[in-house]
Amino acid sequence: RRIVFGPLQGEFMTADAAVASIVEDVIKEARKSKRRAEVALFSRLLFTAAVSEDLAPYSSRDLAQLAEDSFNFLFARRPGRPKIRSSNPEGAFAQVTIVELANDDMPFLVDSVLGLLNERGYDIRLLLHPVIHVSRDGEGKLVRLEEKSSAAAHSMRESFMHIHLARLSDAEAQALATKLEQILNDVRTAVLDWRAMQERLR
């Protein structure tokens, strides 16, 4: 399968010079992976808007591996359906539970997810939320990833949330993933109803 990726420039704009330096180091590590071009571009999209203090505890190799794992999670997703994963990794991330959510981009996603996490008192250590531009085939597999929207067939915007929480038990992490799936389905229903109402009012 041939996957097409948008251009990866050597320089990019970020509000934090420290983050820029970290991301450049991560991209260098990402280029050592099996999927060099795609993981390098995804690393840039994932980490550029992060806060440097949140990334500083980890090595560029650890962050590149994190990006590769997230990219593999995103590789297959059927549009119209949320995809959620919670995990308790070992190694550099052994102190956190990682929660990842992929969804069609739409209003209210972040507010709804954060509302649940705050309501339950979870300790949020890291939140990354890139909106990515992708094209997928009929099975939901990724065929194109870009930084900006394009005229490519089936191109769409997807919301990806990557969250680190203070470590939960495996059972707690799974229960949270189940609840988050319910939240995302509720958001989808509300947004579709809201858009239908707007159309009727025109």
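Helices (H or I, at least four residues) and strands (E, at least two) are DSSP runs, numbered from the N terminus. The model is predicted, with local features needing pLDDT of at least 70 and side-chain atom pairs counting only at pLDDT 80 or more, while totals for chains, interfaces and linings use all residues. Residues are numbered from 1 along each chain as its sequence is written, and side-chain values use heavy atoms, leaving out hydrogens and water.

**Helix H1 with helix H2**

- The axes (lines fitted to C-alpha atoms, for helices over the stretch in contact; angles run from 0 to 180 degrees between N-to-C directions) of H1 (residues 17-30) and H2 (residues 36-47) come within 8 Å and cross at roughly 160°.
- H1 is therefore roughly antiparallel to H2 (angles over 145 degrees count as such).
- Val-19, Val-23, Val-26, Ile-27 and Ala-30 of H1 are in contact (heavy atoms within 4.5 Å) with Arg-36, Val-39, Ala-40, Ser-43, Arg-44 and Phe-47 of H2.
- The residues of this contact comprise eight nonpolar, one polar and two charged (Ala, Val, Leu, Ile, Met, Phe, Trp, Tyr, Cys and Pro count as nonpolar, Asp, Glu, Lys and Arg as charged, and the others, Gly among them, as polar).

**Helix H2 with helix H4**

- The H2 and H4 axes cross at roughly 100° and come within 9 Å.
- H2 is therefore roughly perpendicular to H4 (65 to 115 degrees).
- H2 contributes Glu-38, Val-39, Phe-42, Ser-43, Leu-46 and Phe-47 to the contact, and H4 contributes Leu-63, Ala-64, Leu-66, Ala-67, Glu-68, Ser-70, Phe-71 and Leu-74.
- Ten nonpolar, two polar and two charged residues make up the contact of H2 with H4.

**Largest cavity**

- One cavity of 30 Å³ or more is found in the whole structure (on a 1 Å grid over the protein atoms alone, a set of points where a 1.4 Å probe fits but cannot get out; lining residues have an atom within 4 Å of a point).
- The largest cavity holds about 40 Å³ of space (the space filled by probe spheres set on the points, which are joined across faces, edges and corners).
- Its lining consists of Phe-42, Phe-71, Leu-74, Ile-132, Val-134, Leu-142 and Leu-145, with seven nonpolar, no polar and no charged residues.
- H4, strand S5 (131-136) and strand S6 (142-146) each supply at least two residues of that lining.

**Second largest pocket**

- The second largest pocket has about 180 Å³ of space (a pocket is an open set with protein on both sides within 12 Å along at least five of seven lines).
- H4 (60-74), strand S2 (83-87) and strand S3 (96-104) each supply at least two lining residues, and H4 gives the largest share, five residues.
- The lining of the second largest pocket has five nonpolar, four polar and five charged residues.

Key. Angles under 35 degrees count as roughly parallel, over 145 as roughly antiparallel, 65 to 115 as roughly perpendicular and the rest as oblique.
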